[in-house]
Amino acid sequence: MNITLIIIVAILGIFAIVFVYYGGLIKVTCRIEKQGGEKLAYKQMTGDYAKSAKLMDEIYYSLLNNYAIDTCKGFGIYYDNPKVVEKSKLRSDIGCIVEDKDSSKLTQIAEELSTKTFPERSYIVAEFPSKGKLSILFGIMKVYPAIEKYVEYNGYKNEGSVMEIYDVPNRKIVYRKEIIE
C-alpha cells in the first residue's frame with residue numbers, strides 16, 4: 001500500500017513539474033501592437049494543422065541545404081477556426097522568416113517556395129514561452145482562449161487569421177491575431 005501511494009505521489013509530482021515548466025501556470029496577456037514587415041518563405045497547406053510542424057521542418061532544411069539560408073524563426077498563418085472548419089479543409093501558410101541579410105536570396109527560391117512580406121499593421125499580440133513541443137500544446141490551450149476573450153471584450157469580430165511565430169533564439173511563441181472590426 002505504501003509503495004503504491006509513493007508511486008502515485010511521484011507520478012503526480014512529475015506531472016506537476018512538467019505542467020509548470022511548459023507554461024501551465026503562465027497568465028497570458030493580450031495587447032494591440034504594430035508588428036509585421038518580415039520576409040516569409042512558405043508553402044500553402046490544406047489539412048490538419050497538426051501536420052504543419054513537419055512541413056515547417058522540410059522548409060527549414062530546404063532553405064538551409066539548398067540556399068544556405070539559416071533561419072531561426074518558423075511560422076504558421078492559420079486562416080480557419082478548427083472548431084468550425086473540418087480538419088481536411090483547414091488552410092494555412094507554413095514556413096520560415098528570412099532575415100534581412102538573406103532577403104536578396106528570395107528571388108532564387110521563388111520556384112520552390114512562395115515568398116511575401118507579412119503586412120505591417122496593428123495586431124492583437126500575445127506571447128508564450130517556448131521550452132519544447134509541449135509548449136506549443138500549452139500555448140494553444142492558454143493563448144487562444146485569452147485571444148478570444150480579448151476579441152469579445154473589445155468588440156472585434158472573431159474572424160481572421162492568426163500567425164504563430166516560433167522564435168527559437170528568444171525561446172518564445174508570438175501569436176498575432178488579425179483585427180477585424
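**Salt bridges and their surroundings**

I began with Lys172, which I found to be partly exposed, with a relative accessible area of 24%. I kept in mind throughout that the model is predicted.

I then looked for the partner of Lys172, and found a salt bridge with Glu127 in which the closest N and O atoms are 3.5 Å apart. The two belong to distant parts of the chain, since Glu127 lies in strand E6 (residues 121–129) and Lys172 in strand E8, 45 residues apart. Glu127 also counts as partly exposed, at 30% relative accessibility.

Next I turned to Arg176, whose salt bridge with Glu38 brings the closest N and O atoms to 2.5 Å from each other. Because Glu38 is in the loop between strand E1 (31–35) and strand E2 (39–46) while Arg176 is in strand E8 (residues 172–178), the pair ties together parts that are 138 residues apart in sequence. I recorded Arg176 as buried, with a relative accessible area of 4%, and Glu38 as buried too, with a value of 19%, given that buried means under 20%.

I also looked up Asp48 and Lys87, whose side chains meet in a salt bridge at 3.9 Å, N to O. Asp48 sits in the loop between E2 and helix H2 (52–67), and Lys87 in the loop between strand E3 (73–78) and strand E4 (91–98), 39 residues apart. Asp48 is partly exposed at 23%, whereas Lys87 is exposed at 55%.

For the structure as a whole, I noted nine salt bridges.

Methods:
Residues numbered from 1 in each chain as written. Predicted model: local features only at pLDDT ≥ 70, side-chain atom pairs only at ≥ 80, totals over all residues. Heavy atoms only, no water. Salt bridge = Lys/Arg side-chain N within 4 Å of Asp/Glu carboxyl O. Helix = DSSP H or I, 4+ residues; strand = E, 2+ residues; numbered from the N terminus. Buried < 20%, exposed > 50% of the residue type's maximum accessible area, 1.4 Å probe, protein only.
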